[in-house]
Amino acid sequence: MTSLILSRLVSSFIALLGAALVAFVALRLAPGDAARLTLGAFATDEAVAALRSEMGLDQSILTQFYVYIRDFFTGDWGRSYALGEPVRSLLGQRFPATLELGLYAFCMAFVSALVLALWGAHRKGPISDGVPKALGVLALGVPQFWFGLVLLIVGFEMTGLFPGPAGRLPATVTPPAGPTGMYTVDALLHGDLKTFATALHHLFLPALALGLLPFGFLYRLLRANLEDVSGAPFALVARAHGQSRLRVMVATLLPNAIIPMLTASGLIFGQLLAGSVLVERVYNWPGAGMLVTQGVLQQDYAVVQVFILLSAVIYIVTNLIVDIVAASIDPRLAKGGA
Amino acid sequence: MSGLLDIKNLEVGFGAVTAIKGISLSLYRGTRMGIVGESGSGKSTLGLATLGLLPDFARCSGEVLFDGTALHWDNDMAMAGVRGSRIGFVHQDPMGAFSPVHTIGTHLTRAYLSAHPGASKADATKAAVDRLDEVEITDAKSRLRHYPHEYSGGMRQRVMIAAALIGNPELLIADEPTTALDVTTQAAVLRVMNDVIEARGMGLILITHDLGVVAEICSEVAVMYHGELIQHVPVDQIHEKAHPYTEALLKARPRPGMRGERLPTIAELLPEGWSDV
Amino acid sequence: MFELRNVSKTFHKRGVFGQTLSETHAVQDISLNLEKGKTIGVIGESGSGKSTLARIALRMIDADAGQVLFDGQDISALRGKALKPFRQQVQPVFQDSAGALDPRLTIEQTLIEPLVLRGSIDASEFRDRITASMTSVDLPHDYLERRPMELSGGQRQRIGIARALLMEPRVLVLDEPVSALDVSVQAQILNLLLDLQEQKGLSFIFVGHDLSVAEFFCDDILVMYLGEAKEFEDSRILFQDPKSDYAKQLIASMPRVL
């Protein structure tokens with residue numbers, strides 16, 4: 001297990017450098033001049049040149065890359081030239097919002113996929129198995145922003161059960177100050193159950209909208225794997241030992257079927273963070289997605305680069321956790337790590 | 001003497017195919033019966049049908065009485081009370097029969113706890129160690145922590161016998177228990193199986209394609225062909241009373257001193273039109 | 001005619017940096033000399049190296065040491081085109097050779113493939129060859145239209161043999177040719193192989209684990225254990241009077257004959 005973790009850490013670090021390199025090169029290959037874009041068409045050439053030099057753009061590419069990596073790890077994330085604010089404080093507000101939304105969406109998708117796949121595999125009726133199956137197919141075909149709009153219409157306009165697209169909390173509620181920036185977590189840390197409930201209420205619809213696609217994917221994956229392993233001889237033998245169908249399903253088949261789902265979860269979680277722009281837009285969610293989209297359009301290097309590296313770090317940490325969990329379920333994976 | 005297992009007019013179908021065509025067969029306490037047949041004869045289906053472990057789409061009719069009581073295959077909970085604790089089962093695939101992500105100890109203790117609901121974990125572990133000792137696996141205690149892939153094929157098959165014994169059943173159904181094994185390993189596993197069954201006075205149904213294996217440890221032999229039971233005799237009378245198909249099966253196997261000859265094939269040995277039965 | 005001379009093969013399990021983690025001596029210094037019309041059996045349990053030996057004989061893998069000779073010519077170093085005549089002369093039959101074929105192709109398409117690969121044969125000769133080999137394995141012609149999955153195990157093995165015969169080889173390397181078959185079908189396939197050997201003067205290398213089949217089918221038998229030759233003997237003598245301890249143990253483990 002230790003060798004697995006070590007080898008994963010090494011490969012994670014290489015992956016991180018790779019991600020940084022790709023982000024760095026791609027941004028610089030894009031046409032246009034960041035300094036010119038920042039200052040506008042009417043700025044003097046001298047002013048542009050001065051800004052270029054301040055941004056470090058006049059230095060060699062290698063030096064720029066080195067500075068970029070060094071600054072990221074020392075926490076000096078620079079300043080957004082488009083918005084004039086330090087990237088750290090910008091992302092410090094926005095990233096937790098995206099992370100919180102992503103976490104809830106992911107958990108809802110994962111848990112419902114797990115429960116419904118088990119239930120469907122156990123009772124292969126038209127309702128227990130057929131309905132989730134249809135939902136799974138639907139989830140893969142429905143655009144997220146459209147589903148987000150439908151949920152808004154039903155959940156807010158028609159029934160009024162949920163808040164409208166008003167962001168993370170109503171303007172009247174003061175966000176909890178806290179270490180994580182995730183309102184539900186911070187509210188709980190402060191013991192403020194009322195704010196927690198309100199934040200959760202606001203999270204529900206966007207998390208549902210964002211979680212539908214991962215749900216469809218994870219559900220189908222687990223359901224198919226359960227079907228596969230239920231034909232394995234060990235399923236038959238476990239029942240021949242006197243274990244009931246349901247017990248065999250949960251205790252024997254699930255641990256054998258869940259590993260691909262865990263691996264996929266690592267990938268999906270990373271994608272949730274990067275791909276929530278449309279849902280954030282529909283719900284006016286003040287997340288990083290909007291900020292970064294703007295940043296790309298305006299060649300706001302600092303914001304985009306830091307976001308990419310931050311996403312890469314989370315992605316790598318998630319996958320490391322997934323690998324460790326998977327190896328603790330399947331001993332053969334722990335050995336294959338070296 | 002009443003039968004330990006009485007199969008009465010059992011019929012099993014899968015879709016359009018009838019796998020077992022009305023078989024009646026009794027096994028008395030302490031008897032060891034070999035069920036022999038080629039692929040498609042329905043011999044494995046017979047074993048699984050008895051345990052109620054056929055796939056859901058199988059159609060079953062007829063009756064199986066165990067110790068005088070009819071088995072209700074469609075009641076999973078009731079069957080779970082029979083499986084393992086009254087009828088043990090050994091599967092033919094020593095690799096696939098173990099969940100690769102669970103230790104040998106987990107397999108054994110789960111089997112024990114299913115047969116003894118409410119027993120403690122410590123009891124289960126003790127029983128697991130004892131059963132591994134019984135099938136002559138040394139250093140049983142530390143081996144409980146190992147995973148199936150860390151065992152050899154022959155050891156896995158002995159563990160499977162141990163797991164089948166852990167619920168203290170009166171009957172063991174072994175489906176091709178040694179087919180996947182090398183010949184020297186097969187000999188060792190058959191000897192262990194023979195010893196534990198003798199020591200416990202259990203009944204045995206050994207399902208196999210190999211008449212040689214039957215000769216090693218069975219007292220009776222039942223021959224199946226295309227879903228029918230065509231013969232059921234004591235092993236030592238198989239030649240005297242052999243059905244033409246059984247005779248053909250026996251002769252189709254190469255035997256010593258036949259180098260340079262041709263083997264008689266079943267088609268030549270069977271009476272005209274017999275295979276259309 | 002066909003000879004393996006002191007062949008050895010070691011498999012290495014390598015770590016990330018190419019360092020050797022463990023070595024398996026799959027075949028150690030084994031020699032065989034197969035004559036026309038004869039059968040040499042190679043028997044052993046799993047891990048004995050018998051299949052590796054068959055693959056060396058077929059030149060599917062290269063031996064680390066030793067030579068493969070055909071008609072006195074050392075062919076161990078030949079590659080590509082130069083190996084073509086050898087490949088035609090020495091053909092494999094595997095446990096389920098036809099089952100490994102493309103399930104979408106008909107038997108005819110499957111059989112034409114090796115002929116096309118060989119080239120330089122015209123269409124009418126294609127047909128003649130296929131007809132001849134189907135006749136040799138006693139399969140009616142309409143089987144050419146079927147697909148592998150529509151055939152029984154025994155029929156598929158006949159197709160496997162027919163495919164090997166297309167090239168008019170002199171040697172067949174039979175790797176567990178009847179292990180997947182029922183006793184009654186096994187008898188038919190063994191008889192067929194013996195008939196073919198008689199008619200065409202074929203030589204066989206028979207790799208198997210079933211001792212009674214090997215005794216019946218082979219002239220000489222090589223007993224292998226963990227890559228080593230434990231005994232090489234005339235099959236009759238081997239079973240009546242095994243010399244090596246391992247062969248004795250193996251023969252003693254055979255189930256009783258009813």
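Biologist: What is the volume of the second largest cavity?
Modeller: This is a predicted model. A:Phe162, A:Pro163, A:His201, A:Tyr283 and A:Trp285 are among the residues that line the second largest cavity. Its volume is about 50 Å³.

Biologist: How does the lining of the second largest cavity divide into nonpolar, polar and charged residues?
Modeller: The lining includes A:Leu205 and A:Pro206, and also A:His202 and A:Gly167. Pro and Leu count as nonpolar, while Gly counts as polar. The division is eight nonpolar, four polar and no charged.

Biologist: How much space lies in the largest cavity?
Modeller: Five cavities of 30 Å³ or more are counted. The largest of them holds about 110 Å³.

Biologist: Which element gives the largest share of the lining of the largest cavity?
Modeller: Residues of chain A, including A:Phe234, A:Val237 and A:Ala238, line this cavity together with residues of chain B, including B:His107 and B:Arg110. Two or more residues each come from α10 (233-240) of chain A and α3 (104-115) of chain B. The largest share, three residues, comes from α10(A).

Biologist: What is the handedness of the crossing of α10(A) and α11(A)?
Modeller: Helix α11 of chain A spans residues 245-257, and α10(A) packs against it at an angle of about 145°, with the axes 10 Å apart. The crossing is right-handed.

Biologist: Which residues of α11(A) make the contact with α10(A)?
Modeller: From α10(A) the contact takes A:Phe234, A:Ala235, A:Ala238 and A:Arg239. The residues of the contact divide into five nonpolar, two polar and two charged. On the α11(A) side they are A:Arg245, A:Val248, A:Thr252, A:Leu253 and A:Asn256.

Terms used
Residues are numbered from 1 along each chain as its sequence is written. Chains are lettered from A and ligands numbered from 1 in the order in which they are written. This is a predicted model: local features need pLDDT of at least 70, side-chain atom pairs count only at pLDDT 80 or more; totals for chains, interfaces and linings use all residues. Side-chain values use heavy atoms; hydrogens and water are left out. On a 1 Å grid over the protein atoms alone, a cavity is a set of points where a 1.4 Å probe fits but cannot get out, and a pocket is an open set with protein on both sides within 12 Å along at least five of seven lines; lining residues have an atom within 4 Å of a point. Grid points are joined across faces, edges and corners, and a volume is the space filled by probe spheres set on the points. Helices (H or I, at least four residues) and strands (E, at least two) are DSSP runs, numbered from the N terminus. Axes are lines fitted to C-alpha atoms, for helices over the stretch in contact, and angles run from 0 to 180 degrees between N-to-C directions. A crossing is left-handed if the near helix is turned anticlockwise from the far one by less than a right angle, and right-handed if clockwise. Contact means heavy atoms within 4.5 Å.
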